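Please look over the structure below before reading the notes on it.

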Amino acid sequence: MNNTYLFDIDGAGQWTITLDDGKVSVAEGASGDADCTITASEENFERIVDGELNPTSAYMTGKLKVKGDMGAAMKLQKLF
């Protein structure tokens, strides 16, 4: 995978995640152009990470928003 993601978590901040051929780097804040921006509240993001909220259901109900490359966003499901 070679993608850059911006996680914009309301109440917790922003992080840029870069995946480059198996290497992962994380930087606080928005740095450069992300392929995909994922926005959620802190509560909903924690529920997704904990497995209590399905990401697809969260997206369909507006609890999780995705801008940019939807294909890149779908790749994240395989990682978690």
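## Basis of the model

This is a predicted model, in which local features need pLDDT of at least 70 and side-chain atom pairs count only at pLDDT 80 or more, while totals for chains, interfaces and linings use all residues. Residues are numbered from 1 along each chain as its sequence is written, and side-chain values use heavy atoms, with hydrogens and water left out.

## Helix α3

In helix α3, residues 70-79, the buried residues are A72, A73 and L76, where buried means under 20% relative accessible area, exposed over 50% and partly exposed in between, with a 1.4 Å probe and protein chains only. Seen down the axis of α3, these buried residues fall within an arc of 100°, so they line one face of the helix; the arc is that of the directions from the helix axis to the C-beta atoms. The buried residues pack against β1 (2-10), β4 (36-41) and β5 (64-68).

At the start of α3, the backbone nitrogen of G71 has a side-chain oxygen of D69 within 2.9 Å.

## Nonpolar surface patch

Y59, M60, M70 and M74 form a nonpolar patch on the surface, with about 420 Å² of accessible area together. Two or more residues of the patch come from each of α2 (55-60) and α3. M70, which lies in α3, counts as partly exposed at 34% relative accessibility.

## T16 in strand β2

T16 lies in strand β2, residues 13-20, and counts as buried at 3% relative accessibility. A polar atom of the T16 side chain lies 2.7 Å from the backbone oxygen of G29.

Definitions and conventions
Helix = DSSP H or I, 4+ residues; strand = E, 2+ residues; numbered from the N terminus. Contact = heavy atoms within 4.5 Å. Polar contact = N/O pair within 3.5 Å; in protein donor to acceptor, adjacent residues only side chain to side chain. Patch = residues over 30% accessible without salt bridge, like charges linked within 9 Å, V, L, I, M, F, W, Y side chains within 5 Å. Areas by Shrake-Rupley, 256 points an atom, 1.4 Å probe, with all protein chains shown as cover. Salt bridge = Lys/Arg side-chain N within 4 Å of Asp/Glu carboxyl O.
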